[in-house]
Amino acid sequence: MVPEQTVTLRLPSSIMGINEVNQALREIDLIEDQAMQRRIYQAEISSSTAGVLSVSNSLSELAASNGLDLDDGAMRSKLKGILGDVKKHAPVIHVGLARESTNAELMPIVDWMRSNLHPNTLLHVGLQPDIIGGCTIRTPNRYYDFSLKRHFETARIALLTKIKAL
Amino acid sequence: MSSVGLILVTSAVVMAIVLVIIGYVLGSRFSYTNKLSSKNSKHYEEVAEKGRQQLEATIAEHVTFLQNDLRMTVSGMNGYMKEELGRTLQDEMKRYDISLAEMRKAAAAVVTQSQHRTEQQYKELKDQLAKSLMDEKQRRVHQLEENMTDIVSYYIQAAVGKRLELREQIPFIVADLQAEKASIIEDIKYGA
């Protein structure tokens, strides 16, 4: 059972699965380290480089979509905590695809899941070349086959009828 | 053949009787002549001469008779033999014809039987072949049924697998997800 989170987080489409969440957490830690270093060596750091932090697009989108400022230590800490909760409790749905796909191709599926199933749904994408097309979905206890192969199975009787008529 | 034997035996008996008569006549003549020799040798010689002439005439007569008899016998035997041989030949030919007809009939029966058997074997072979073909067809159809999905999947994957863009499939996937939405939500909420 998925517990209700106290703070809701809007995940951008670029953060699709656990890997991206982990990457975001590592980035936050890195930013935290950089901030600490900046505080320690404040006198030596020139004012021109003070606000520059290397942040990935996905983390930037995450911060922007949730109205969080990554320069703010408290917000970073809050974001880290929320991301930790997401990592622990967000529903992970396994998606099997016939071939490798880009994040851009998967975005419509992620968006649909986050708007219809759960806002923090995470995807775990695997390869299943034998399904030809479509996809398979595996939730914690169920398996859904939306593949072309399954459609062929369904249409098998019609094909057999045609073949037998030859 | 018994008639031929009878004729030969009869001829032999006749000749034997003739020879006995000749011997007897000659014997009596010679004994009579000896008795008179002492009285009249001249007369004896005349008588002897007459006797010799008579004997020669008798012998010539009987030789002629025997020759005629033999000629007739031979002629009769030839006719008889010809008749017998002809009849025998005809009998043998009839028997041969009957045997030939029986053999022809038997051969025809064998040919008919063989033809019938061949036709039966042909029919059996044809039925067997038809059954084998039907079985093979059923087996292949069954095999096709069993592996239909794999075959079609393999074919489509080989034909258009790389051309199936995920972007184009999204509407169908979303439609399938929409259809199972309630079930998925239920599993996410109350699942593990």
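**Order of elements, chain A.** I read chain A along its sequence and noted the pattern α-α-α-β-α-β-β-β-α-α, which comes to six helices and four strands. I keep in mind throughout that this is a predicted model. Of the 166 residues in chain A, 28% are buried, and among its contacts with a separation of 6 or more, 70% join residues 24 or more positions apart.

**Chain B, for reference.** I then went through chain B, where the pattern reads α-α-α-α, with four helices and zero strands. Buried residues make up 5% of the 192 residues in this chain.

**Helix α3 of chain A.** I looked up the length of α3(A), residues 73-89, and found its end C-alpha atoms 24 Å apart, which agrees with the 24 Å that 17 residues should span at 1.5 Å a residue. Next I listed the buried residues of α3(A), which are A:Arg76, A:Leu79, A:Leu83 and A:Val86. Why do they lie on the same side of α3(A)? They cover an arc of only 80° around the axis, and this puts them on one side of the helix. I checked what these buried residues pack against, and the partner is α1 (18-40) of chain A. On the face turned away from the buried side I noted the exposed residues A:Ala74, A:Ser77, A:Gly81, A:Gly84 and A:Lys88.

**Helices α1 and α2 of chain A.** The contact is made by A:Glu20, A:Ala24 and A:Glu27 on the α1(A) side, and by A:Ser58, A:Leu59 and A:Leu62 on the α2(A) side. By class, I recorded three nonpolar, one polar and two charged residues in this contact.

**Where the chains touch.** I turned to the interface and found 32 residues of chain A in contact with 31 residues of chain B. On the chain A side, the elements giving two or more residues are α4 (103-116), β3 (134-138), β4 (143-147), α5 (148-154) and α6 (156-164). That side of chain A has 18 nonpolar, seven polar and seven charged residues.

**A:Leu97.** I picked out A:Leu97, which is found in strand β1 (residues 92-97) of chain A. Is A:Leu97 buried or exposed? It has 23 other C-beta atoms within 10 Å, and the cut-off for a buried residue is 20 or more, so A:Leu97 is buried. Leaving aside residues up to four places away in sequence, A:Leu97 touches A:Val125, A:Leu127, A:Gln128 and A:Cys135, and also B:Leu166 from the other chain. A:Leu97 and A:Cys135 are 38 residues apart in sequence, yet their C-alpha atoms are 4.9 Å apart in space.

**B:Ser11.** I found 15 other C-beta atoms within 10 Å of it, and B:Ser11 is partly exposed. Not counting residues up to four places away in sequence, B:Ser11 touches B:Asp69 and B:Thr73. The C-alpha atoms of B:Ser11 and B:Thr73 are separated by 8.4 Å, although these residues are 62 apart along the chain.

Key. Residues are numbered from 1 along each chain as its sequence is written. Chains are lettered from A and ligands numbered from 1 in the order in which they are written. This is a predicted model: local features need pLDDT of at least 70, side-chain atom pairs count only at pLDDT 80 or more; totals for chains, interfaces and linings use all residues. The expected span of a helix is 1.5 Å times one less than its number of residues. A residue is buried if 20 or more other C-beta atoms lie within 10 Å of its own, exposed if 12 or fewer, and partly exposed in between; C-beta atoms are placed from the backbone. The arc is that of the directions from the helix axis to the C-beta atoms. Two residues are in contact if their C-beta atoms, placed from the backbone, lie within 7 Å. Ala, Val, Leu, Ile, Met, Phe, Trp, Tyr, Cys and Pro count as nonpolar, Asp, Glu, Lys and Arg as charged, and the others, Gly among them, as polar.
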